Amino acid sequence: FGDAAPPRVARAPKPKREREPRPPRPPAAAPSLEDTAAAVLACVDAEEGGELLAANLPSRYYKRTGAPIDFRSLGFAKLAPCLAALPGVACGEPGPRLVIRRAGPDDVQAP
């Protein structure tokens, strides 16, 4: 019974170092409709058949650009109206299976 470990002595906690607050980051410039359209069309063009479900666009866009689609900074509450307003982008019928593709000469662009 002489093999018992000696009792532990409580140590005082180390004093916390005060950190200087970091300066705020400047806000990133909001992308323009044209910049967003170019990135969306690059995603569409990368798809076999040249069409992409709108539901798959956010992940494809993020993989391509490293940033999410910031449709709110472009003045839209939802993604579908933003896509319809992008120059050169054609949207199919609204709904859960909304398909986007490169606009052709017969496609009417939203105002």
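**Questions on a predicted model**

Colleague: In what order do the three strands of the open sheet lie?

Modeller: Strand 1 (51-53) and strand 2 (89-91) are the edge strands, and each of them pairs on one side only. Strand 3 has three bridges to strand 1, and three bridges also join strand 3 (residues 99-102) to strand 2. The pairing is antiparallel, and the order is 1-3-2.

Colleague: Which residue in strand 3 is the bridge partner of Val89?

Modeller: Strand 2 and strand 3 run antiparallel, with three bridges between them. For Val89, the bridge partner in strand 3 is Arg102.

Colleague: Which helix lies across strand 1, strand 2 and strand 3?

Modeller: Read along the sequence, the chain has the pattern α-β-α-α-β-β. The element lying across the strands covers residues 33-46 and runs at about 95° to strand 3. That element is helix 1.

Colleague: Is Thr36 buried or exposed?

Modeller: Thr36 is found in helix 1. Leaving out residues up to four places away in sequence, Thr36 touches Pro31, Tyr61, Ile69, Leu74 and Leu86. Its relative accessibility is 1%, under the 20% limit, so Thr36 counts as buried.

Colleague: How many disulfides does the count come to?

Modeller: A disulfide needs two cysteine sulfur atoms within 2.5 Å. The cysteine sulfur nearest to that of Cys82 belongs to Cys91 and is 9.3 Å away. That is too far for a bond. The count comes to zero.

Colleague: Which of the terms buried, partly exposed or exposed applies to Cys91?

Modeller: Cys82 has 0% relative accessibility and so counts as buried. Cys91 has a relative accessible area of 30%, which lies between the limits of 20% and 50%. The term for Cys91 is therefore partly exposed.

Colleague: What distance separates the C-alpha atoms of Pro68 and Asp3?

Modeller: Along the chain, Pro68 and Asp3 are 65 residues apart. The C-alpha atoms of the chain fill a box of roughly 90 × 40 × 25 Å, taken along the principal axes. Within it, the C-alpha atoms of Pro68 and Asp3 are separated by 62 Å.

Colleague: What distance separates the C-alpha atoms of Pro96 and Ala55?

Modeller: Pro96 lies in the loop between strand 2 and strand 3. With a relative accessible area of 80%, Pro96 is exposed. Ala55 is 41 residues from Pro96 along the chain, and their C-alpha atoms are separated by 7.6 Å.

Colleague: What is the radius of gyration of the protein chain?

Modeller: The chain comes to three helices and three strands. For its 111 residues the globule rule gives 13 Å, and the model's value is well over that, so the chain is more spread out than a compact globule. The radius of gyration is 26 Å.

Colleague: What share of the residues in the protein chain is buried?

Modeller: The accessible surface of the chain comes to about 9,100 Å², and carbon and sulfur atoms hold 55% of it. Among contacts between residues at least 6 apart in sequence, 47% join residues at least 24 apart. Of the 111 residues, the buried share is 21%.

Methods
Residues are numbered from 1 along each chain as its sequence is written. This is a predicted model: local features need pLDDT of at least 70, side-chain atom pairs count only at pLDDT 80 or more; totals for chains, interfaces and linings use all residues. Side-chain values use heavy atoms; hydrogens and water are left out. Two strands pair if DSSP finds at least two bridges between them. Helices (H or I, at least four residues) and strands (E, at least two) are DSSP runs, numbered from the N terminus. Contact means heavy atoms within 4.5 Å. Axes are lines fitted to C-alpha atoms, for helices over the stretch in contact, and angles run from 0 to 180 degrees between N-to-C directions. Buried means under 20% relative accessible area, exposed over 50%, partly exposed in between (1.4 Å probe, protein chains only). The radius of gyration is taken over C-alpha atoms; the globule rule is 2.2 Å times the number of residues to the power 0.38. Accessible areas come from the Shrake-Rupley method with a 1.4 Å probe; for residues, only the protein chains shown count as cover.
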